Every structure is written in C-alpha cells, then in structure tokens.
Amino acid sequence: MKQEVRALDISWRDLQGSMKSAALWLVQEVGEGNIFTKEGLRAAFPDKTQIDRRVRELRKHGWVINTSKEEPALEANEQRFVKEGRPVWEAGQATLNQGAAVSAAERRRVMERDGHMCQSCGIVAGDAYADDEFSNAQLTIARRKVSSAEGGSTVELVTECDRCRIGGRAVTADPGYVIQRAGSLKGIENEIFRAWVAAGEREFSKLELLWGDLQSLPPESRAEAKEAILRGGSGGTPIG
C-alpha cells in the first residue's frame with residue numbers, strides 16, 4: 001500500500017533530477033522483483049544521456065538492482081529491480097552522509113566491480129609503482145565527486161590506491177570532458193572504446209584479470225599461490 005500511495009502522489013514524469021525520476025520509474029513502471037532492460041530504461045528517458053549511471057547510483061541509497069554479475073541467468077542488457085531503498089524523490093533523502101564509514105560488504109562489492117585495480121592508474125594491490133620500486137600499492141575505497149549534467153554533483157565510491165586517492169581528493173570527475181574526448185577518437189580506437197561502452201565493461205586480458213585475482217589474495221595465501229605457480233603447479237612449467 002505504501003508504494004501505491006506514493007504512486008498516486010507523484011509521477012516519475014513530473015520529477016526533476018534523473019536519479020529521482022529513475023527511482024520512481026522503477027517503482028511505478030517496473031515493480032520489485034521484475035526485470036527491465038537498458039533499452040527500456042533509455043526509451044523512458046530519451047533526453048537523459050547518463051540515465052544508466054543514475055540508476056547505478058541508487059545502490060548507494062539502499063536500492064538492490066541486480067545485473068548478470070549477481071544473477072548469471074540475466075542477459076547482459078537486463079537488470080532486475082530487487083528491492084526499493086530510500087525514497088530519494090523525497091526532500092533530503094537523496095543526500096548521502098559522505099563521512100559515513102564504508103561497510104565491509106560495500107567495500108567488497110566495489111573492489112570486485114573494479115577488478116581489484118586502482119581505477120585511476122590501473123595498479124593492483126602489492127604492485128610496485130613504476131617511478132618508485134620501493135613503494136607497493138595499497139588499495140582502498142575512495143569517494144569520488146562527480147559533476148552532474150543537471151547541475152550540482154554526486155559522490156560515488158571507487159577503488160583507488162592510496163597515492164591516487166590522496167592526490168585526487170580535490171578533483172571533481174567531469175563526464176562531459178570524457179564524452180568530448182570519446183568523440184575525438186578515430187578508427188580502431190573508436191571501435192574498441194565503443195565496444196567497451198556497449199558491453200558496460202573494459203575487456204581485460206586473461207593475464208590482467210588473473211594478476212588482479214592473485215594480488216587480491218590475503219598475504220599468506222598469495223605467497224603460497226606464487227610459490228606453487230613458480231614451481232609449475234597445475235601443469236605449469238617451473239621458472240628458474
């Protein structure tokens with residue numbers, strides 16, 4: 001009954017702000033437990049170029065929206081609206097407490113989403129920096145300020161190494177700048193980048209993904225795995 005009252009009070013078409021209207025669209029048009037597609041979402045918001053991002057932001061407000069990563073049975077273009085979170089269309093509900101601690105579950109989700117790699121420089125935990133072989137990267141969860149096409153800004157969680165996190169505290173991400181640079185790509189670079197965008201992820205090589213998995217292991221387990229790999233475990237050729 002609570003959702004029905006809200007649906008009668010206001011329509012998703014009448015709201016200002018992409019995230020707020022997308023949230024109410026999920027409640028009124030999709031419904032908890034049901035599947036929606038990227039095409040359906042974009043068709044509902046044809047003038048909102050970053051509507052996919054705004055839907056992802058809802059997860060920070062307690063909304064549960066699964067993709068094929070959480071539900072392998074879903075197609076790449078499908079998502080399931082599992083559970084409604086905070087009513088972000090109401091006054092004050094869309095504001096995040098930027099000082100709140102990141103939970104262990106949220107930290108793990110963000111790390112796994114980002115492939116256990118710094119999203120600013122690409123380094124993985126334990127790797128030495130190219131310009132400082134005596135310093136090894138430590139990954140953490142940073143809060144990235146992101147400018148909005150509708151004005152204002154939001155805060156998103158992202159995996160970064162300590163060095164990038166400290167150096168980027170005063171930096172605001174600018175989607176418009178990224179779009180402009182993407183438009184300048186030519187030839188094969190344009191094709192590759194557009195393929196990544198269409199897939200919703202960068203296609204890391206098997207070696208890059210395996211290295212990230214290795215470095216994400218706890219120290220003792222990582223040392224054990226390295227020793228086994230160097231001995232030629234599981235059919236490999238010993239090194240040295």
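So, how many bridges join strand 2 to strand 3? Three, with the two strands running antiparallel.

Quick housekeeping. This is a predicted model, so to speak: local features need pLDDT of at least 70, side-chain atom pairs count only at pLDDT 80 or more, and totals for chains, interfaces and linings use all residues. Strands here are DSSP runs of E, at least two residues, while helices are runs of H or I, at least four, both numbered from the N terminus. Two strands pair if DSSP finds at least two bridges between them. In the pairing I opened with, N66 of strand 2 (residues 64–66) has R80 in strand 3 as its bridge partner. Strand 3 (residues 78–83) also pairs with strand 1 (residues 34–37), antiparallel again, over four bridges. There, F36 stands opposite Q79. Overall, the protein chain has 10 helices and eight strands.

F36 turns up in the largest nonpolar core too, which has 21 residues. By nonpolar core I mean buried Ala, Val, Leu, Ile, Met, Phe, Trp, Tyr and Cys residues joined through side-chain atoms within 4.5 Å; buried is under 20% relative accessible area with a 1.4 Å probe, protein chains only. W25, L26, L58, W63 and W89 are, with F36, the residues with the most contacts inside this core. Helix 2 (18–30) and helix 4 (51–57) each give two or more residues to the core, and helix 2 supplies the largest share, eight.

Take L58: leaving aside neighbours within four places in sequence, L58 is in contact (heavy atoms within 4.5 Å) with M19, A23, L26, W63, I65 and V88. Apart from that core lies another, of 11 residues, including V110 and Y129.

How values were computed. Residues numbered from 1 in each chain as written. Heavy atoms only, no water. Buried < 20%, exposed > 50% of the residue type's maximum accessible area, 1.4 Å probe, protein only.
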